[in-house]
Amino acid sequence: LTRYFLDTTAHVERWAGDITRQERVRGLLAGETHATSTHARREWKHIVEGTCVDVLNALRERPRTLSNVFARLSQGWGRSQGHRLRVLALLSGGESALDADLLEIRARAYLRYQAETLFVHSMDEVRDGSECGLAMNVGRQKSRGEWEFVNPGTGSEWCKKTDQICCQDDDLEGKKGRLQAAGQALSKSANHKRFGKAALEAVSSRAERKGKKCFGLLGDVSIALDCHQDEVVLTTDESFSVMAPALGLTVERFKPTPPP
Amino acid sequence: MAALAVGGVRSAPARPFSDLEETLFSTLAGPEGARETQQRLRPAELLPEGEAEDSRRDAGRRAGTMIGLSESRPTVATATQPSVRVTALDDALVALRPLFQEDHAADGEWLLASRLLRRAAIERKHSSPRAASIALVMSDALGFTDMKTVPAERRGPLREGFIALGKPFISTDDERGVLQGLLEAGFYVTPGFTEVFAADVTGS
């Protein structure tokens, strides 16, 4: 029996992929519990709950079509056009006609409990060595009715190096050897050089481990470092295959749902 | 479909039935059967024993009936026979109840229950957002799952959802519990992403 460790892309594919990918991931996870990372939770929340907040704000402008809603969604860090489209499909029930009532009910429910319930389904452990504050972001309504997706402590969607809402610097301090190995492996890959560079900078400087460096460049590295060697990383992302030999990880990579 | 009269109060569907739904409903109950079904199966009677009394009280509140709070103040009602307005949620529960007890429900019956639950969700969007979310997640589960692959013994979560929808107060734990139950039983609660959807929305 295989114990999987799910990257963010695997979470996205199992709930918002095409039917083939959903069935494949469900089949792999069936009958067992698995693990994931708080960094995957942070990314999942930004993709799903962040888009829900954008959708609720878009609905306040009374759009006439789902295309109008899509056009109003902000991209933001870690939220590609493909991600927005996937979440919009979740919220519209896969129907391309706009039903504002159903869209709003689903968006509010995802913010209230569904996004988290889907994320933790079949998981018995969400490794949280860094105690990431962004993974605690919430969608909430401001006094004028506008929605925001923010950390309750800072009131901001993202964090700065100086914020004290995580212990990522301490967590990576204890993983410096593996962090360096991951950085060196990524630096040798043409498509991942900047991630490798960021990882190597984080080895030598605590200040380079938090804020935008963390959520913008070190996401995959942080997730990989949370994976145990007796687990199999389940992902669509090539960077894990690049890091795997250096970290002694086994990776099961599958093709993502084709982008539009 | 004509509005159904129960207890002297007419109810109009929140949204008109499509032709397909009308056909399905007529097939299931027949023109007179639908009326009889509605009159026979009031919400309180649809619920398990423990829930029935709460629902009757709730039905009384919905009908504008005042219920006495102490023995010295006898129960007062605005009418000798309090009327019960049949809501979209009631319609959905009527359609759903027999399905999780039957082994051989037809696809059309599941589809009808899914449509009625969706309509109930819209009806409850403002008055009971948690009921709306449960109704919609159950509608999605019935709509996205090939119900022929779900044997009767795995339909427990539908019953749990049915019970939750009959509660006068629904907590977030109730919502989460229904969704978790559906996921554990193997229901699909999210749609498969399609190129058609992407093309329609992006215009490409």
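Helices (H or I, at least four residues) and strands (E, at least two) are taken here as DSSP runs, numbered from the N terminus. The structure is a predicted model, in which local features need pLDDT of at least 70 and side-chain atom pairs count only at pLDDT 80 or more, while totals for chains, interfaces and linings use all residues. Residues are numbered from 1 along each chain as its sequence is written, chains are lettered from A and ligands numbered from 1 in the order in which they are written, and side-chain values use heavy atoms, with hydrogens and water left out.

Chain A holds twelve helices and seven strands. Its C-alpha trace spans about 55 × 40 × 35 Å along the principal axes. The radius of gyration, taken over C-alpha atoms, can be set against a globule rule of 2.2 Å times the number of residues to the power 0.38. For 260 residues a compact globule would come near 18 Å, and chain A agrees, with 18 Å. Of these 260 residues, 57% are buried, where buried means under 20% relative accessible area, exposed over 50%, and partly exposed in between (1.4 Å probe, protein chains only). With contact meaning heavy atoms within 4.5 Å, 67% of the contacts in chain A between residues at least 6 apart in sequence join residues at least 24 apart. Chain A exposes about 10,700 Å², and carbon and sulfur atoms supply 47% of that area; accessible areas come from the Shrake-Rupley method with a 1.4 Å probe, and for residues only the protein chains shown count as cover.

Helix H9(A), residues 193-204, has twelve residues and reaches 17 Å from its first C-alpha to its last, close to the expected 16 Å, a span defined as 1.5 Å times one less than the number of residues. Its buried residues are Gly196(A), Ala198(A), Ala199(A), Ala202(A) and Val203(A). They lie on the same side of H9(A) because they cover an arc of only 160° around the axis, judged from the directions from the helix axis to the C-beta atoms. An α-helix has 3.6 residues a turn, so residues three or four places apart point the same way. The buried residues of H9(A) pack against helices H8 (176-187), H10 (212-217) and H11 (219-225) of chain A, whereas the face turned away carries the exposed Arg194(A), Lys197(A) and Ser204(A).

In helix H12(A), residues 238-247, the buried residues are Ser239(A), Phe240(A), Val242(A), Met243(A), Ala244(A) and Leu247(A). The partners against which they pack are H8, H11, strand E6 (232-235) and strand E7 (250-253) of chain A. At the start of H12(A), a side-chain oxygen of Asp237(A) comes to within 3.2 Å of the backbone nitrogen of Ser239(A). Just after the helix, Gly248(A) takes a positive phi of about 70°.

Chain B comes to ten helices and two strands, and from the N terminus on its elements run β-β-α-α-α-α-α-α-α-α-α-α. Buried residues make up 48% of its 204 residues. The accessible surface of chain B is about 10,300 Å², with 51% belonging to carbon and sulfur atoms.

Ser133(B) sits in helix H7 (residues 129-144) of chain B and counts as buried because its relative accessibility is 1%. Its side chain makes polar contacts with the side chains of Tyr113(A) (3.1 Å) and Glu175(B) (2.5 Å). A polar contact is a pair of N or O atoms within 3.5 Å; within protein, one must be able to donate a hydrogen and the other to accept it, and residues adjacent in sequence count only if both atoms are side-chain atoms. Leaving aside neighbours within four places in sequence, the residues in contact with Ser133(B) include Ile105(A), Ala109(A), Arg112(A) and Gln114(A).
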